[in-house]
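Dear colleague,

I am handing over the structure we spoke of, with the sequence alongside. My notes on what was found in it follow below.

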Amino acid sequence: MPIQLIGFLGGYTHEVSITLEELGLPYDFSETTFKVLGTPEFLASNHPFARVPVLIDDGFKVYETEAITRYLVKKYQGKKNSTVLIPTDEKKAALVDQFISVGNSYYIPILSKLVDEELVVELKGLTKNPEIIKEALGEIDNTLTVYEKLLEGKEYLAGEFSLADILHVPFTQLAIMCGHDFWNDPKRPNVARWWKNISERPCCKKIGAEIGIPKV
């Protein structure tokens with residue numbers, strides 16, 4: 001039975017989709033909606049806090065993005081292809097963990113704030129707050145200035161392509177979709193090179209082409 005992935009066409013679900021694609025794993029995708037997330041059936045059988053993604057692998061169910069991607073790497077890395085998302089070398093693996101933590105702490109929250117205000121509030125029938133958008137854009141600019149230094153002399157965050165880079169893809173794609181492209185700015189050549197390397201990978205191109213706005 002193929003792996004089943006439940007989620008949206010974007011956001012955290014795409015982090016799992018890209019991981020599956022990079023590992024060469026076939027899977028079935030089931031798109032859900034905000035309305036379905038709040039039903040007693042979804043809460044009881046999928047995620048107790050009404051969130052996605054959720055992954056089901058041969059009857060085993062796991063939720064929360066980082067738990068899902070790490071499970072996939074631990075179980076399947078090296079089984080279908082030679083792609084390495086978390087190295088076996090302890091020091092190299094520590095660097096991947098380091099940049100996953102950096103992404104989760106300083107990158108994803110501010111991009112999520114922007115995307116929520118640009119896209120999600122309208123889905124919920126609310127009005128955009130331009131002050132929140134302005135604040136988020138300033139925070140993104142400051143964060144990418146730090147990333148420019150982190151990426152000096154490197155193609156990817158931990159040196160080689162890894163799960164840490166995948167973490168950054170979905171909300172970057174959504175921010176660009178909203179019309180805010182900080183990732184091709186000539187004043188940040190290291191960031192631009194990094195994003196070009198990631199976005200031109202076949203798996204990222206494939207999943208990026210499927211990106212969409214969550215359904216109510």
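His168 is buried, because its relative accessible area is 0% (buried means under 20% relative accessible area, exposed over 50% and partly exposed in between, with a 1.4 Å probe and protein chains only). The residue lies in helix α7, residues 163–177, where helices (H or I, at least four residues) and strands (E, at least two) are DSSP runs numbered from the N terminus. A polar atom of the His168 side chain lies 2.7 Å from the backbone oxygen of Ala164. If neighbours within four places in sequence are left aside, His168 is in contact with Phe99, Gly103, Tyr107, Ile108, Tyr147, Leu157 and Trp194, contact meaning heavy atoms within 4.5 Å.

Please bear in mind that this is a predicted model, in which local features need pLDDT of at least 70 and side-chain atom pairs count only at pLDDT 80 or more, while totals for chains, interfaces and linings use all residues. Residues are numbered from 1 along each chain as its sequence is written, and side-chain values use heavy atoms, with hydrogens and water left out.

Turning to the N-terminal part, the unreviewed UniProt entry places the feature "domain: GST N-terminal" at residues 1–80; UniProt positions are given in the numbering used here, the feature names are shortened, and annotations may be inferred rather than shown by experiment. Over residues 1–80 the chain is 41% helix and 22% strand, with the end C-alpha atoms 16 Å apart.

An open sheet is formed by 4 strands in the order β2-β1-β3-β4, with mixed pairing (two strands pair if DSSP finds at least two bridges between them). Its edge strands, each pairing on one side only, are β2 and β4 (60–63), and the twist averages 20° from one strand to the next. Strands β1 (residues 3–7) and β2 (residues 27–31) run parallel and are joined by 5 bridges, and Gly7 has Glu31 as its bridge partner in β2. Strand β3 (residues 54–57) runs antiparallel to β4, the two being joined by 4 bridges, and in β4 the bridge partner of Val54 is Tyr63.

Two helices lie across these strands. Helix α1 lies across β1, β2 and β3 and runs at about 160° to β1, whereas helix α4 (residues 65–76) lies across β1, β3 and β4, running at about 30° to β3; axes are lines fitted to C-alpha atoms, for helices over the stretch in contact, and angles run from 0 to 180 degrees between N-to-C directions.

With kind regards

Notes. Polar contact = N/O pair within 3.5 Å; in protein donor to acceptor, adjacent residues only side chain to side chain.
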